[in-house]
Every structure is written in structure tokens, then in C-alpha cells.
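This briefing goes through a single protein model by topic. Please keep the sequence and the structure in view while reading.

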Amino acid sequence: MINLTRPSGIPRRCLAVLALTLATTAGTFPGASARLETAPHWTGSWEAAPSGTAPALPGTSIRNVVHISVGGSAARLHVSNRLGTAPLRLDAVTVALQRPDAPESPAAVPGSLRTATFSGATSVTVPAGQDRVSDPVPLSVPADANLLVTVHSPADCGPATYHRTALQTNFLARNGDRTADTSGAAYTTTVSHWYYVTGVDVLRPAAAGSVVAFGDSLTDGTGSSPGTNHRWPDRLSERLRALPASRRPGILNAGISGNRLLLDGVGPSALARLDADALSRTGVRTVIVLEGVNDIEGTPPQTDPAAFVRAYRRIVAGAHIHGIRVIGATLTPFGGHRGWTPAREGLRHEVNGLIRSGLFDGVADFDAAVRDPARPDRMRPAYDQGDHLHFNDAGMKALADTIDPVALGG
């Protein structure tokens, strides 16, 4: 029995969450109430990096469907106005388990819906250019589950920070605040973007930490089947199920379709967003970097291999300051794509040689895993989504299979 006296100024809901956390700790670890070193740890379980803005949806309830990697005894939600131009007011935010028998449904598991608070309040105002993290939400979430994270903004707060390429059906209820609805009946419109929600953390008894997959459309999942969670970070998370639960890290997908290493494009450049999308994420221990193809074949193209080296070194140096290791992924072939030229192929080979030369703490040789032995400037036909740049589901699995789960599990 945990007995807490409520100090002045602390909301009762916050005190209840603290009691829940202490009770979880005491039930999991004998004597934990007297030993802070055995307290549970927050770990990132899902992420969507802000990639741009869309018109605001005032008065609409937005039900985002997110697929977490690892589970826990409580959750925290990240909401973002990072790319907005005016303060964002969310007057209601909820989280629930999606019905497991209805993966394309906005309906929640009865009894699972919870209201998220921010510093004890049920509403939050997020200044332009900033993010906010909710208080702990007392909801037990299993690993590999779909959550419904629903937000409602009562007014037009300017451009909405969103993640464009969700590859996931999300839902809108245009008739007011329906964030507390367990039924999905009011959610009659579907969208393929995630609005405002950029992360989910979970409270775990183990400290395995999290892994950030940091990249462009190849990491974001372009080419994989929508609604199946077959992006290569998802397939990597599936492989990590073989690890003991105490050693399985969360997997965070910080891919943005169209993103570039050196220049802003779709979303800020990799260098500009490194801290917000990777290094400051909850519990991150390892970052896997797959960035550079868009710099080689995009407009304007980048042609100096030394610029790639400087950028990769900045990423590694920034990560090491935080005690985070970095795995560099080699750039995959795109022969046959409209942006391919012999000169760009030569630059890709040169950059890959530099990646393999020891710039990073480790290497994931994606190039070797997917290239066609008969035409190494191209990917294997069995992995080609059709445009000779992006991977289908089989190709995504081949990328994930390149990474050693034991090494990531620590």
C-alpha cells in the first residue's frame, strides 16, 4: 500500500500518476520503493519526424493510428508545433488501444481510452517552433500494438506540423471534439498523414533504450505496402522480438521522404534536425544513419565527397557528446532511376567507401545486401518497388536483415 500526502500546488491527477508509477515499480522489483536505482525507465517506442505543414483542421478531431515497438506500464505523448507559425492550442488529447481485430478502424478497445494531461491540465498551448511531452498516462500498452492518439484543436492555429508519408490510414471527425469517443462512428474521413503527434514513450522495467533509424524515403517506408508496417525499421523491430524483453530496444523511425543530408528540402536537412529527431529522443542509445542518396541525385546535386564526410563526422561527433553510438548505412543502388548517371554512380561508390572506412562506430552494408550481382549499379529486381530507387516489402526486409539484433540489444 502506497500512501502519498498531497503537497500544496500539485494536481491530484499528477499525484495519482506518481502513485501508479511507484506501485508499478514496487510490484516489479521487490523493495523498489526504497531503491531508486531500480525505478522503471522511459523508452521511446514510436516516432514520426515532422516533415512539413498542412492546412489546419480547426474543430476537427484527428485520430492518429501509431504502431509502437515495445510496450510498458504507462505512456507519454509527444506533440509538436515545430514547423508552425503561431501558437497551437490543443484542448483535448487522448490515447487508447486500437481494436486488434480492426486495424483499419478508428474504434478503441473498450475501457482503454485515457485523457492525456500536460502539467496537470487537459489542454496545452505549444508555441511555434516547439514541442511538448504529456504527463505519464496510466495505460498498460503491449509491445507491437496499435494506439489511437486523438487530438482536437478548437481554432485555426495556422499551418499544422505533420508527417506527410504515414503509410497508415488515420481518421477525422469533423463534428467537434470526439476525442473521448470509444466508437469510431464519428470518424468518417480518412487521411494518410500524422498530425501534431511525433512520438510515444513507454515506461518499462528494463533499460534497453531505443534505436533511431535516421534517414529519407527509404527509411520512411516509400515503396512498402501501406497499412502493413513493413518499413525496414518495422521489420527490424520484428527481428528484435527474438531478444529477451529486457534487452529489446524501442525502434524509432525518423525517416522523412525527400530528406537530404546537406541541404533543406522536404523537412530540415539531416544536420539541422539531428538533435530534435534523433539525439534528444527518449532513451536513445544507437542511431542508424541512411542519408545521402537525395543529395547525389536531387536538385541541386551535391558532388563533393568531402562534404559528405564532414556531415557524417558532425553527426557522429554530436551523438558521441550524448554517449550515443552511430551506425552508418551504405547508400543503396539506384541504377535505372531517372536521376541516375555514371558520374553519380561513381560518387555513390566513393561515399560508400568512406562510410566503410571507419567514419562510424559500425556499418550496415545495405548496398551489399540489395545490389544485383549481375548489375551492381542496380538493386535486385526482386526488391524493386518499380522506380529502381525504392524498395518493396521484400527489399525492406533485406535491409532489416542486414543489422545484427544482438549488437543493438546491447
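The model is predicted. Its largest nonpolar core has 55 residues, and a second, separate core has 39. Two cavities of 30 Å³ or more are counted, and the largest pocket holds about 280 Å³ of space.

- Three strands form an open sheet in the order 2-11-14, and their pairing is antiparallel.
- Strand 2 (52-54) and strand 14 (194-195) are the edge strands; each has a single partner, so one side of each lacks a neighbour in the sheet.
- Two bridges connect strand 11 (residues 160-163) with strand 14 in the antiparallel sense, and His163 is placed opposite Trp194 of strand 14.
- Elsewhere, strand 16 (residues 210-215) runs parallel to strand 17 and is joined to strand 17 by six bridges. In this pair, Ser210 faces Gly250 of strand 17.
- Strand 17 (residues 250-255) has six of its six residues buried.
- In a regular strand, side chains alternate between the two faces of the sheet.

**Cavities**

- The largest cavity has a volume of about 40 Å³.
- Residues lining the largest cavity include Ala56, Leu57, Pro58, Leu90, Val151, His152, Cys157 and Tyr196.
- By class, the lining of the largest cavity has nine nonpolar residues, three polar residues and no charged residues.
- The second largest cavity has a volume of about 30 Å³.
- Among the residues lining the second largest cavity are Trp46, Glu47, His78, Asp201, Leu252 and Arg281.
- Strand 1 (41-47) and strand 15 (197-204) each contribute at least two residues to the lining of the second largest cavity. Strand 1 contributes the most, with four residues.
- The lining of the second largest cavity divides into three nonpolar, five polar and three charged residues.

**Largest pocket**

- The largest pocket has a lining of 24 residues, and those nearest its centre are Trp46, His67, Asn229, Arg231 and Asp234.
- Strand 1, helix 3 (232-239) and strand 17 are the elements that give two or more residues to this lining.
- The lining of the largest pocket consists of seven nonpolar, 10 polar and seven charged residues.

- In soluble globular proteins, nonpolar side chains tend to be buried together.
- Within the largest nonpolar core, Phe214, Trp232, Leu236, Val287 and Tyr312 touch the most other members. Helix 6 (residues 305-321) supplies the largest share of this core, with seven residues.
- Leaving aside neighbours within four places in sequence, Tyr312 is in contact with Leu261, Glu291, Gly292, Leu331, Val351, Ile355, Leu359 and Phe360.
- The second, separate core includes Ile68, Val93, Val95 and Val137.

**Single residues and backbone features**

- Asn229 lies in the loop between helix 2 (217-220) and helix 3. Phi of Asn229 is near 55 degrees, a positive value in a residue other than glycine.
- Asn229 counts as buried because its relative accessibility is 13%, under the 20% limit.
- Leu167 is located in the loop between strand 11 and strand 12 (170-173). Phi of Leu167 is near 55 degrees, which is positive although the residue is not glycine.
- Leu167 also counts as buried, because its relative accessibility is 18%, under the 20% limit.
- Ala276 belongs to helix 4 (residues 270-279) and is partly exposed, with a relative accessible area of 28%.
- Not counting residues up to four places away in sequence, Ala276 touches Arg82 and Arg281.
- Ala276 and Gly227 are separated by 49 residues in sequence and by 26 Å in space, C-alpha to C-alpha.
- A cis peptide bond leads from Thr299 to Pro300, with omega near -5 degrees. Pro300 is in the loop between helix 5 (293-297) and helix 6.

Notes
Residues numbered from 1 in each chain as written. Predicted model: local features only at pLDDT ≥ 70, side-chain atom pairs only at ≥ 80, totals over all residues. Heavy atoms only, no water. Pairing = 2+ DSSP bridges. Buried < 20%, exposed > 50% of the residue type's maximum accessible area, 1.4 Å probe, protein only. 1 Å grid on protein atoms, 1.4 Å probe; cavity = no way out; pocket = protein on both sides within 12 Å on 5 of 7 lines; lining within 4 Å. Points joined across faces, edges and corners; volume = space filled by probe spheres on them. Nonpolar A, V, L, I, M, F, W, Y, C, P; charged D, E, K, R; others polar. Core = buried A, V, L, I, M, F, W, Y, C linked by side-chain atoms within 4.5 Å. Contact = heavy atoms within 4.5 Å.
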